[in-house]
Amino acid sequence: MDLAQFFADLDARPWAGYEHAYGSAADVPDCLRALAGDDEEAADEALGDLYASILHQGSVYEASAQAVPFLARLAAMGIRTADLLALLGGIAEGGTEFDGDGDGRNDGAAASAEAGEGDGPGESDEAACRRAVVGQLPLLLDSVGSDDAEVRQCAVWAAAMTGAAGRVLPVLRERAAVEKVPLVRAELLSALAQLDPAGTASAATEAIGPDQPAELRITALLACVDTGLPWGRSHHGAMLSLLPAEGLMTGRVVQYHGEPLLHVTDALLLRDTDEDRDAAFTLLDAALSSDSPEACEEAVRAAESACQLSRSAPQRLAAPLLALATGPRGADVPSAQQALKLLGALAAPAADTLARLAEGEGDAADGALAVLVAVAPERAAPLLARNPAERPRALDAACGGHFEAAPVLPYDSGLLAALRQWLTTLRPGGNSPFRLTALLESWGADAADAVPELCAALPRFPQLVPKVLAAVCPPGQRGAVGEVLRTAARSGPAEDRFEAARALYALTGDDTLLLATVAARLADDRNGIREAAAAAAELGPAAAGLVPALRAAFNAPDAHRNIPEMQADIEIAAALHRITGDPAEAVPVLTGVLSDTEMTWTRWAFVQATRVAAGLGTVPEDGPLVPALEALLTDPAQAPGAVLALLALAPGRLDAGRAAGLLLDAAESGTAPVEALEALVALGPEAGTEDVRGRLVRLAGQDLRLEVSGVLGTAVLVDERARVRARAAARALGGGAASAG
């Protein structure tokens with residue numbers, strides 16, 4: 001094929017008008033030229049750029065579909081054929097998952113794409129991309145028979161991703177009958193299982209036998225579990241015999257990469273039957289007992305996933321995890337210690353081992369101490385006191401593990417003494433100042449002895465120390481500490497003076513300097529308006545003189561606000577209501593926020609707005625705010641706040657039965673489950689129908705955890721809280737105690 005014609009066709013397209021992940025796709029032609037060039041390094045970079053722009057983290061765009069014919073032409077010319085077939089497969093996949101039947105992630109889209117139907121301006125980017133790759137099926141299917149094994153493997157995967165089973169399956173079956181290369185055989189089996197799970201079940205079962213190549217066996221096991229076949233002794237034995245299994249998923253087997261054991265156990269648990277749960281836990285128990293450290297590492301990761309997926313997993317897996325973490329094999333499997341965090345009180349038998357390890361030095365000791373914080377915090381505090389500056393992971397765990405969390409380590413006199421000493425030498429930078437001050441603040445008056453060190457550290461940490469001083473200062477020192485804060489509130493940058501004045505007000509009730517610093521921030525610091533408005537709200541009617549400044553700080557009503565600006569406007573509206581007692585100014589602001597459908601992807605601004613709305617008192621039911629709140633009821637993330645606001649503002653407009661159903665939908669989906677259940681209780685007995693109570697009992701008793709996003713362990717905590725709230729809600733709504741399951 002003539003490259004000159006290729007480049008001419010490429011340049012004839014209006015690439016600058018197409019969009020990809022980073023905006024205009026004007027750079028795509030240069031990437032395609034580089035792929036066709038002789039500079040191998042430049043071609044590698046261009047391929048990476050294409051993955052980043054037209055297949056960004058699995059998402060596709062208008063430019064992705066436009067690029068497909070050119071990628072296919074280069075592949076047909078023999079230019080990086082395997083790489084480009086893999087890229088085409090990713091574009092066909094389009095960032096969506098295969099459905100439970102295995103015959104395509106979007107049956108309608110796949111069928112219409114195969115038939116050549118539905119092309120038009122209303123078509124989604126995903127459908128357009130699928131259609132574009134289906135248009136290249138002649139190339140893909142021809143490449144299934146390539147002499148190059150890597151090309152064959154990529155072609156098989158890409159063809160399967162089109163979902164065009166009618167055209168793809170005969171070719172793949174024909175190739176599977178003659179293929180000899182294990183990785184390509186594995187890819188073929190994976191593709192056939194996706195496109196025709198029922199028709200592939202027999203072949204998958206046969207392929208798990210010990211006479212087959214390991215790459216094929218592991219893929220067959222994954223196909224068996226994904227197609228819903230019963231998990232029996234032969235599957236169990238085959239899986240264990242293949243551990244460690246990660247290294248088997250090499251080459252371009254895309255569908256099942258990296259974590260075969262985790263995939264199997266998760267799939268079994270998601271079937272949600274007693275038989276399959278027992279099969280998953282039995283498999284993990286055996287894997288955690290392996291003599292191979294690598295196999296144990298894989299088993300620990302699978303066990304962590306199981307604990308986050310199944311409520312019964314921690315109890316069932318506690319014994320093998322404890323045996324691994326505290327036994328002679330634990331030194332070779334450091335991840336086993338970290339997994340104990342997910343066991344909670346069940347990990348208490350490991351406290352002695354963790355404490356012994358934490359007495360050492362270096363990262364290993366720090367990691368063991370971080371786990372001990374979760375397992376036995378009262379034993380962790382004295383150990384952390386020995387050298388807190390050298391234990392960043394343990395200090396992080398003591399403060400809850402992430403910046404939104406509250407500290408979890410109880411007061412300890414020895415640790416307080418160590419933190420006081422550290423304060424004398426601590427310098428700005430890193431996370432340590434935030435962690436140290438958060439811990440002191442959480443101890444309140446118990447940390448009063450640290451007042452001298454905090455006062456001395458105030459100039460170094462003018463935005464961190466003031467609120468800590470207000471929290472820990474004993475009554476007898478309020479005068480002296482107040483003078484320190486008063487001095488700090490009179491000089492320095494506006495944000496520093498503001499924090500000192502706010503702490504002074506909290507400590508002494510003196511609002512003079514706070515009023516002045518709030519006025520200054522409202523006038524001169526656009527980035528500090530939200531905090532200033534919140535402080536004005538705390539002052540209430542005493543801040544009447546700030547009303548003009550608050551009004552002037554609003555963003556223009558017709559401006560396109562970003563999220564911080566939207567949140568600042570909400571705080572200003574709340575402040576004006578708290579100061580004046582009149583909701584008239586707040587209503588249009590909150591209505592504007594809640595009606596901004598372009599911003600619904602940000603949950604927290606809407607949650608903040610509904611919370612403020614709930615405190616407004618009486619507003620006209622025929623005004624704009626109530627309909628704006630009603631429109632949020634069907635959004636699972638916003639339903640709890642909307643229900644509480646409507647209960648406060650217009651209870652007569654709220655259908656308790658419908659609202660209860662929507663709140664339970666939100667809770668069951670894992671979207672703000674605790675908040676949804678609290679709002680459900682607020683609806684009162686009227687919402688406690690037999691169906692609602694039954695759903696609450698099931699929610700509390702089910703084995704599968706709610707699908708809550710978050711860092712490791714956070715989802716487990718939210719699910720546990722939701723389970724407790726579901727039981728309480730069932731009782732409150734007249735259903736008695738919910739079963740724990």
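How far is the sulfur of Cys 31 from the closest cysteine sulfur? Keep that in mind for point 2.

1. A quick word on ground rules: this is a predicted model, where local features need pLDDT of at least 70, side-chain atom pairs count only at pLDDT 80 or more, and totals for chains, interfaces and linings use all residues. Residues are numbered from 1 along each chain as its sequence is written, and side-chain values use heavy atoms, leaving out hydrogens and water.

2. Back to Cys 31: the closest cysteine sulfur, in Cys 129, is 16 Å away, too far for a bond. A disulfide is a pair of cysteine sulfur atoms within 2.5 Å, and the count here is zero. Cys 31 is buried, at 8% relative accessible area, and Cys 399 is buried too, at 2%. (Buried means under 20% relative accessible area, exposed over 50%, partly exposed in between, with a 1.4 Å probe and protein chains only.)

3. Now the rings. Those of Phe, Tyr and Trp (its six-membered ring) pair if their centres lie within 6.5 Å; planes under 30 degrees apart count as stacked, over 60 as edge-to-face and the rest as tilted. That gives five aromatic pairs. In one of them, Tyr 411 and Trp 443 have ring centres 5.5 Å apart and planes at 90°, so they are edge-to-face. Tyr 411 is partly exposed at 36%, while Trp 443 is buried at 7%.

4. There's an aromatic cluster as well, made up of Phe 6, Phe 7, Trp 15, Tyr 18 and Phe 70.
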